[in-house]
Amino acid sequence: MGSIALSADLDALHDREWDRLARAGTWFSAAERLAIAHAARDATVTTPAQAAAHRIYEQPAAIRREWLADLEADGLTLSEYVEVVGVVARLRALDTLLFGAGHPPRRLPAAATDAPPTRLAVDATIDGAWVPTVGVAFPPTVLSSVPAENEAMHDAHAALYLSATPDADGFSMGNMGVVRDGITRSQMEFVAARTSLLNDCFY
Amino acid sequence: MLRASADANGEAIDLRGVGDASIDSHVPHGRVLSAIAEAAVLRDGDELPAARDRAVAALGEDGTRRVIAVIANFEMMNRLLDAVGIGPPASRHAIGDAIGVALPVRFR
């Protein structure tokens with residue numbers, strides 16, 4: 001056997017993410033978002049955002065509050081950091097998807113626009129995490145202070161695993177009996193737990 | 001969530017199989033799932049082809065693709081949580097003992 005092809009829905013997720021990467025975000029331009037993605041993969045870093053990107057991509061379990069404070073001292077705001085976290089976490093997910101299926105990572109896109117970032121600020125507070133969230137910090141709200149990143153995270157979560165909210169086809173977190181592509185919920189959760197342990201993530 | 005899903009579906013599982021791949025978790029094809037997760041997360045290009053082939057033999061191509069997608073999802077979620085300092089709530093600390101994994105001091 002060998003590599004396995006991605007399904008149309010997973011290819012479509014990849015396309016949507018590449019489109020997001022190639023456009024201006026909330027705190028970074030398209031060019032800056034792409035530089036962050038490049039830095040995540042290859043460690044060529046010239047800005048605090050790029051340094052953050054590489055650490056998040058390669059060594060997330062080594063991240064400590066003191067390290068984030070150093071980035072802030074170097075000029076990276078917490079809002080900017082949240083956007084970096086979102087971009088890099090989804091990039092890692094899609095790179096792992098292709099690696100696992102037996103394919104090289106997809107080449108990063110070119111910037112589709114030179115528009116400035118939207119700079120859309122929302123009312124968020126520190127409530128259980130190092131970064132502001134809308135409401136208490138837990139997995140669904142991690143990126144909520146940057147709504148575009150939060151929406152993108154939920155898009156990836158629903159396509160790769162299950163939707164956080166009820167879904168018409170039943171592929172949702174609340175459905176403990178869900179079977180997707182022949183994989184039972186317990187099998188999914190076993191894979192989730194094993195992956196988290198391998199990443200030294202203890203949530 | 002593993003224990004919750006197993007309870008909801010009346011499945012008897014051994015959580016120690018999460019922390020120690022040599023222990024049978026009683027999750028169907030647990031060792032196959034564990035092997036492909038390990039190869040994918042650790043970027044082990046030597047082990048991955050065989051792990052993927054075993055997964056395809058046991059779960060089919062669609063099932064293997066979904067397993068890889070779930071691994072990818074938790075590669076994302078693990079980074080989101082670790083990058084912003086969200087550790088396990090106190091109510092879940094005992095799960096570490098059940099899995100056979102010591103919770104780092106910084107989370108206690």
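Student: Is H29(B) buried or exposed, and how many other C-beta atoms lie within 10 Å?

Tutor: This is a predicted model, and burial in it is read by counting neighbours around a residue, with 20 or more other C-beta atoms within 10 Å making a residue buried. H29(B) has 21 other C-beta atoms within 10 Å, so H29(B) is buried. The residue sits in the loop between α2 (16-19) and α3 (30-41) of chain B, and H29(B) also has a positive phi of about 60°, although it is not a glycine.

Student: Which residue of chain A other than glycine has a positive phi, near 55°?

Tutor: That residue is D200(A), whose phi is near 55°, and D200(A) is found in the segment after α7 of chain A. Its surroundings can be read by the count used above: D200(A) has 14 C-beta neighbours inside 10 Å and therefore counts as partly exposed.

Student: How should I read the confidence in chain B, and which helix of chain B has the lowest mean pLDDT?

Tutor: Chain B averages a pLDDT of 91, and 100% of the residues score at least 70. Among the elements of chain B, helix α5 (residues 93-99) has the lowest mean pLDDT, 75, while helix α4 (residues 48-83) has the highest, 98. For the complex, the predictor gives an ipTM of 0.97 and a pTM of 0.95.

Student: How many helices and strands does the secondary structure of chain A come to?

Tutor: Chain A comes to seven helices and four strands, and from the N terminus on its elements run α-α-α-α-α-β-β-α-β-β-α. The radius of gyration of chain A is 17 Å, close to the 17 Å that the globule rule gives for 203 residues, so chain A is as compact as a globular protein of that length. Along its principal axes the C-alpha trace of chain A spans about 50 × 35 × 30 Å, and 44% of its 203 residues count as buried. Chain B, for its part, comes to five helices and zero strands, its C-alpha trace spans about 40 × 35 × 25 Å along the principal axes, and buried residues make up 45% of its 108 residues.

Student: What can I learn from contacts between residues that are separated in sequence, and what percentage of those in chain A join residues at least 24 apart?

Tutor: One takes the contacts between residues at least 6 apart in sequence and asks what part of them joins residues at least 24 apart. In chain A that part is 58%, and in chain B it is 30%.

Student: Into which domains is chain A divided?

Tutor: Chain A is divided into domain 1 (8-160) and domain 2 (163-203), and the C-alpha centres of these two domains lie 22 Å apart. Six residues of domain 1 are in contact with five residues of domain 2, and the side of domain 1 that touches domain 2 has four nonpolar, two polar and no charged residues.

Student: How do I judge whether a helix has the expected span, and what span does α5(A) reach?

Tutor: The general idea is to compare the distance from the first C-alpha to the last with the length expected from the number of residues. α5(A) has 24 residues and reaches 35 Å, close to the 34 Å expected at 1.5 Å a residue. This helix is also mostly covered, with 21 of its 24 residues buried.

Student: Which residues are buried in helix α3 (residues 48-58) of chain A, and what covers them?

Tutor: The buried residues of this helix are A49(A), Q50(A), A52(A), A53(A), R55(A), I56(A) and Y57(A). What covers them includes α2, α4 (65-73) and α5 of chain A, together with α4 of chain B.

Student: How many residues does each chain bring to the contact between chain A and chain B?

Tutor: The contact takes 61 residues from chain A and 61 residues from chain B. On the side of chain A that touches chain B, α5 (78-101), α6 (147-160) and α7 (185-198) of chain A each supply at least two residues, and the largest share, 14 residues, comes from α7(A). By class, that side of chain A has 39 nonpolar, 14 polar and eight charged residues.

Key
Residues are numbered from 1 along each chain as its sequence is written. Chains are lettered from A and ligands numbered from 1 in the order in which they are written. This is a predicted model: local features need pLDDT of at least 70, side-chain atom pairs count only at pLDDT 80 or more; totals for chains, interfaces and linings use all residues. pLDDT is the predictor's confidence in each residue, from 0 to 100. Two residues are in contact if their C-beta atoms, placed from the backbone, lie within 7 Å. Ala, Val, Leu, Ile, Met, Phe, Trp, Tyr, Cys and Pro count as nonpolar, Asp, Glu, Lys and Arg as charged, and the others, Gly among them, as polar. The expected span of a helix is 1.5 Å times one less than its number of residues. A residue is buried if 20 or more other C-beta atoms lie within 10 Å of its own, exposed if 12 or fewer, and partly exposed in between; C-beta atoms are placed from the backbone. The radius of gyration is taken over C-alpha atoms; the globule rule is 2.2 Å times the number of residues to the power 0.38. Domain bounds come from an automatic or database domain assignment.
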